[in-house]
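The sequence and structure are shown first.

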Amino acid sequence: MTEPTIQNERYWLHLLLFFLTVLSTTWAGAEMTGRFLIYESASPLFSIAGIPISWAFILDGFTFGGSLLLFLTVHEFGHYFAARRHGVLTSLPYYIPFPFNGIGTFGAVIRIKQQIPSTRKLFDIGAAGPLAGFVVALLVLVVGFATLPTPDYLEGMPGHDRLKEYIAQNGTFPDEMPQESVENGNVTLMVGMTPLYWILSKFFTDVPPMWEMYHYPLLFAGWLGLFFTALNLLPVGQLDGGHIMYALVGPKWHSRLAKSFVLLLLLSGGIGFIHEMKPVFWSWDPLLGEFLWPVLSGIIFLYLYKIFEGSFKLIAPSLIVLVAAIAAGSSVKGIVDHMGYSGWLVWCLLIILLIRVDHPPVLYMEPLTKNRKMLAILSLIIFALCFSIKPLYIG
């Protein structure tokens with residue numbers, strides 16, 4: 001295989017973005033963990049914006065940021081080396097620092113600089129990233145579980161007074177989140193349970209509840225690795241899962257499965273939207289509350305118009321069934337609690353506008369080999385183990 005020639009590769013840009021992402025994820029991890037507040041009385045190395053920067057701050061921050069970047073790096077270089085092996089021209093990873101979203105990054109991407117010619121090459125390049133990254137995420141998660149401190153680790157951290165009282169009295173975490181009074185606009189980050197996380201948690205003690213995970217940098221970095229793996233394995237468009245599904249079942253069935261999956265996400269998003277917005281609309285004015293369903297129906301119609309490319313034969317029945325299912329689901333508390341997640345409306349917008357639902361055609365359709373089919377099935381299993389219908393939300 002001829003080695004592809006990389007022209008005008010801006011190595012300085014990749015290194016700069018990587019360095020900035022190290023800083024932003026380290027800062028986010030230290031702030032999120034919160035232990036630096038316990039050591040405020042200790043002599044800090046220096047201060048930034050009134051926050052004392054100590055070795056404890058740097059250690060916690062890099063434990064989170066380094067683990068998350070290790071996952072992202074292995075994931076993207078999985079794609080990179082698979083592409084290079086097949087002679088497909090691609091860039092080095094572009095890391096995306098973002099210090100304002102709580103985790104310090106929007107991930108990393110590589111740029112494929114030419115059309116991938118065949119489904120086998122498409123599969124290899126698409127599957128290499130999530131398979132490699134999953135191994136790292138799993139290792140980080142296991143190490144995080146194996147090194148968990150006892151629950152009194154949370155003593156001295158600000159907030160969660162009732163939780164700390166419960167731990168002091170019982171030596172363990174409560175089964176349900178204590179109803180804390182909301183002071184100074186404080187909110188709680190809720191992290192969704194995934195099947196793999198649930199399975200692993202049964203083998204270890206002192207496992208924190210999902211609403212306290214962000215105080216544990218290794219554990220949260222491992223969970224985010226599962227989260228990003230599941231997002232990339234969504235079987236739509238040009239995501240890794242879309243590549244895998246397209247190569248496995250072909251364009252016709254990929255289109256059907258991708259559309260069905262986006263409709264499932266819209267169902268979850270619609271139920272979450274009704275649950276969250278109904279109190280807001282009715283608190284403004286009961287008459288205004290009557291417009292909630294037309295607003296949601298209009299949003300879903302626009303999504304369906306893009307998904308089905310203006311075909312009203314498909315849009316009309318899909319809209320009726322979807323709105324009826326949302327109405328039924330939003331009236332059942334168990335369904336709302338376990339399935340309603342308005343964030344999928346945003347993700348679906350990104351999928352429809354940027355990623356696309358259908359996969360672009362490939363020049364040569366080749367049936368996958370037996371080994372590739374086994375890896376495809378493994379990828380689907382990993383997706384099922386890592387996916388949460390309610391991944392990250394505010395409680």
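## First helix and basis of the model

Helix α1 (residues 11-33) has 23 residues and spans 33 Å from its first C-alpha to its last, close to the 33 Å expected at 1.5 Å a residue. The expected span is 1.5 Å times one less than the number of residues. Helices (H or I, at least four residues) and strands (E, at least two) are DSSP runs, numbered from the N terminus. After α1 comes G34, with a positive phi near 85°.

The model is predicted, so local features need pLDDT of at least 70 and side-chain atom pairs count only at pLDDT 80 or more, while totals for chains, interfaces and linings use all residues. Residues are numbered from 1 along each chain as its sequence is written, and side-chain values use heavy atoms, with hydrogens and water left out.

## Salt bridges

Side chains of opposite charge can pair when their charged atoms come close. With a salt bridge defined as a side-chain nitrogen of Lys or Arg within 4 Å of a carboxyl oxygen of Asp or Glu, the count is 3. One of them joins R372 and D124 at 2.8 Å, N to O. This pair links distant parts of the chain, with R372 in helix α13 (residues 370-386) and D124 in helix α3 (residues 119-146), 248 residues apart. Both R372 and D124 are buried; buried means under 20% relative accessible area, exposed over 50%, and partly exposed in between (1.4 Å probe, protein chains only).

A salt bridge of 3.0 Å, N to O, is formed by the side chains of D358 and K259. Because D358 lies in the loop between α12 and α13 and K259 in helix α7 (residues 240-284), the pair ties together parts that are 99 residues apart in sequence. D358 is partly exposed at 27% relative accessible area, whereas K259 is buried at 14%.

K333 and D337 meet in a salt bridge of 2.5 Å, N to O. They are separated by about one helical turn, because they are 4 residues apart in helix α11. K333 is exposed, with 61% relative accessibility, and D337 is partly exposed, with 34%.

## Second largest pocket

The second largest pocket has a volume of about 730 Å³. On a 1 Å grid over the protein atoms alone, a pocket is an open set of points where a 1.4 Å probe fits, with protein on both sides within 12 Å along at least five of seven lines; lining residues have an atom within 4 Å of a point. Grid points are joined across faces, edges and corners, and the volume is the space filled by probe spheres set on the points.

The lining of this pocket comprises 25 residues, of which M190, V191, M193, M210 and W211 lie nearest its centre. Two or more lining residues come from each of β5 (189-191), α5 (195-201) and α11 (333-339). The largest share, 3 residues, is given by α5.

## Nonpolar patch and backbone angles

V346, W347, L349, L350, L353 and L354 make a nonpolar surface patch of about 540 Å². Such a patch joins nonpolar side chains (Val, Leu, Ile, Met, Phe, Trp, Tyr) within 5 Å, from residues with over 30% relative accessible area and no salt bridge. Areas come from the Shrake-Rupley method with a 1.4 Å probe, and for residues only the protein chains shown count as cover. L350 belongs to helix α12 (residues 343-355) and is partly exposed at 36%.

Most residues other than glycine have a negative phi. D206, in the loop between α5 and α6 (217-232), has a positive phi near 60°. R356 also has a positive phi, about 75°, although it is not a glycine; R356 lies in the loop between α12 and α13.

Technical notes
Patch = residues over 30% accessible without salt bridge, like charges linked within 9 Å, V, L, I, M, F, W, Y side chains within 5 Å.
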